[in-house]
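Colleague: I have the model open and a few things to ask. Can we go through them one by one?

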Amino acid sequence: MKYADARDDIKSFDIFLFSGKGRISEWIKWATGSDWSHVGLSLCLHQYNCVVLFESTTLSNLPDLISGKAAKGVQLVNLSLRLNDYDGDIGWRPVSGPRRRKMKSAAMDFVREFHGTPYEQSQIELIKSAFDFGGRLTENQEDASSIFCSELAAMLFRHVGIMPEGMAANEFTPADFSSILPLNPDYEAQEIIPLVI
C-alpha cells in the first residue's frame with residue numbers, strides 16, 4: 001500500500017516496523033528470528049502539521065521536531081520523511097481500540113519526559129532482550145537511562161493504557177511488535193500492511 005493512501009487512516013499508537021539492511025539490523029533479525037529490526041509508534045499531534053514517528057534510534061539523518069536538530073536516541077520525526085528516507089522494508093500495523101483524550105495528554109507527558117534520552121548504552125541489555133532462554137541469566141531489569149526502540153514502544157503503550165504491566169519493557173524486541181502482542185482487552189494489533197512511498 002502506498003503511504004499516501006494510508007496516511008488518513010493512521011492513528012496515534014499505530015505500530016511501524018522497519019527491516020534494515022545494515023549489519024546491526026541483520027544481527028537483530030537473525031537473533032530474534034524476525035524480518036524486523038526496528039519499531040516506532042505514530043502520534044497524531046495537533047502541534048505538528050504531519051503524522052509523527054516516536055522512536056529511539058541510532059539514525060541521526062532527520063531533524064527532530066522538538067529540538068530542530070538531528071540526533072541519536074529518543075526523538076520525534078516526521079513519519080513521511082522517515083519512510084521516504086528509510087533503506088529497507090516498512091510495515092504498518094494498525095492498533096484498533098479507543099483513543100481517549102487522556103491518552104494523548106499522557107503520551108505528551110511521556111514524550112516530554114523521555115525525549116532526548118540516549119539510545120541504549122548497554123550491549124548486554126540488547127543481547128539479553130534478543131535471547132529469551134528463561135531464568136535470571138537472560139532476564140533484564142528495567143533501566144530507562146538509555147532506551148532502545150522496542151523498549152520505548154512498550155513503555156509508551158503501558159503509560160497510555162494499551163498494554164498491561166508484566167514483562168519488563170526492555171525484554172521486548174521488534175519481533176514482539178510483529179507477532180502476538182499482549183495488549184489490554186479493548187485493543188488489538190491488526191495484520192501488518194507493507195508500505196511503499
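Modeller: Leaving aside neighbours within four places in sequence, G88 is in contact with S19 and K21, where contact means heavy atoms within 4.5 Å. This is a predicted model: local features need pLDDT of at least 70, side-chain atom pairs count only at pLDDT 80 or more, and totals for chains, interfaces and linings use all residues. Residues are numbered from 1 along each chain as its sequence is written, and side-chain values use heavy atoms, with hydrogens and water left out.

Colleague: Where is G88 placed?

Modeller: G88 is in strand β5, residues 88–93. Helices (H or I, at least four residues) and strands (E, at least two) are DSSP runs, numbered from the N terminus.

Colleague: Next, S37. Buried or exposed?

Modeller: S37 counts as buried because its relative accessibility is 5%. Buried means under 20% relative accessible area, exposed over 50%, partly exposed in between (1.4 Å probe, protein chains only). S37 lies in the loop between α2 (23–32) and β2 (38–44).

Colleague: What does S37 touch?

Modeller: Not counting residues up to four places away in sequence, S37 touches F18, S19, G20, S25, I28, K29, Y86, C149 and P174.

Colleague: Which residues of α2 are buried?

Modeller: S25, I28, K29, A31 and T32 are the buried residues of α2. They are on the same side of α2 because they cover an arc of only 170° around the axis, the arc being that of the directions from the helix axis to the C-beta atoms. R23 and W30 are exposed on the other side of α2. Just after α2, G33 takes a positive phi of about 65°.

Colleague: Changing topic, how many aromatic pairs?

Modeller: The count comes to 5 aromatic pairs. Rings of Phe, Tyr and Trp (its six-membered ring) pair if their centres lie within 6.5 Å; planes under 30 degrees apart count as stacked, over 60 as edge-to-face and the rest as tilted. F54 and F110 are edge-to-face, because their ring centres are 6.1 Å apart and their planes at 80°. That pair links distant parts of the chain, with F54 in strand β3 (residues 51–57) and F110 in helix α4 (residues 101–114), 56 residues apart.

Colleague: And why is the pair of F110 and F114 tilted?

Modeller: The pair F110 and F114 is tilted because the planes are at 40°, with the ring centres 4.6 Å apart. F54, F110 and F114 form one aromatic cluster.
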